[in-house]
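Please open the structure in the viewer and follow the stops below in order.

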Amino acid sequence: MNKKVLVSAFALSMVFGLTGCSSEKPEEKKEDTKVVEKKEEKKEEKKEESTDAVLVREISSKTYTVTIPQLTSFYTPSRDGLEVKTEVNEQQISYTLEDEFGDFKMAIYVNPISAESAEAYANRINEGFKDDELKQYKPSTVGDFSGFRKVTTSENPSFKCKDNLLLDFESVDGSAVVMSVTVEQFNDTDTADMEVAMKAILDNMKVEVK
């Protein structure tokens with residue numbers, strides 16, 4: 001009897017031992033799953049943090065890469081409550097700032113242009129407006145940047161003011177890149193924000209050429 005009891009006890013201890021080992025494995029799998037989920041969350045966070053506007057455009061056998069950080073990270077409009085939208089298409093980076101009532105709207109467009117220099121590009125356009133100086137590009141500066149500028153105002157009751165600057169912008173590798181920066185404003189005759197926005201874009205824009 002004693003031998004049978006001992007054998008039975010030993011068999012039971014083996015069963016409990018195996019059960020104990022098998023119960024540990026699912027817990028390890030759960031920990032592994034949590035680790036994977038955390039890694040995936042970190043990846044998603046990194047994707048959300050990437051808010052730069054990046055335009056890649058090919059012009060005359062060259063590839064232009066224009067990078068601008070999130071607009072509100074370096075520019076604060078003087079008006080409160082504006083909704084800011086960013087769009088990147090094949091031609092340009094554009095921003096729209098608008099209040100919910102439609103009383104104010106500003107649009108900003110940034111794009112590289114195909115020309116040997118900003119001056120040559122401006123002169124070609126000016127050729128078509130020899131008899132109208134108001135429609136011609138003229139030498140101008142915005143902050144530390146020099147280029148050729150044209151400001152036009154519409155007689156439309158909604159009021160539209162357009163400020164366009166063409167300039168030889170220095171790229172990351174030090175070469176000159178012809179860029180166009182345009183700011184338009186609607187429904188408000190106070191245009192103080194227009195040049196401030198243009199300067200902010202120029203100060204924070206980076207361009208690479210390959």
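Begin by selecting strands β6 and β7: they form a hairpin with two residues between them, and Gly143 in the turn has a positive phi of about 65 degrees. Strands here are DSSP runs (E, at least two residues), numbered from the N terminus. This is a predicted model, in which local features need pLDDT of at least 70 and side-chain atom pairs count only at pLDDT 80 or more, whereas totals for chains, interfaces and linings use all residues. Residues are numbered from 1 along each chain as its sequence is written, and side-chain values use heavy atoms, with hydrogens and water left out.

Strands count as paired if DSSP finds at least two bridges between them.

Next, select β3 (residues 83–88) and β4, which run antiparallel and are joined by six bridges. Four residues separate the two strands of this hairpin. Which residue stands opposite Ser94 in β4? It is Glu87.

Remain at Ser94, within β4 (residues 93–98). Ser94 counts as buried because its relative accessibility is 11%, the limit being under 20% relative accessible area (1.4 Å probe, protein chains only). Leaving aside residues up to four places away in sequence, Ser94 touches Lys85, Thr86, Glu87, Ile108 and Tyr109; contact means heavy atoms within 4.5 Å.

Finally, display the open sheet of three strands, ordered β1-β2-β10 with antiparallel pairing. Its edge strands, β1 (53–59) and β10 (206–209), each pair on one side only. Seven bridges connect β1 with β2 (residues 62–68), where Ile68 is the bridge partner of Ala53.

Notes: Buried means under 20% relative accessible area, exposed over 50%, partly exposed in between (1.4 Å probe, protein chains only).
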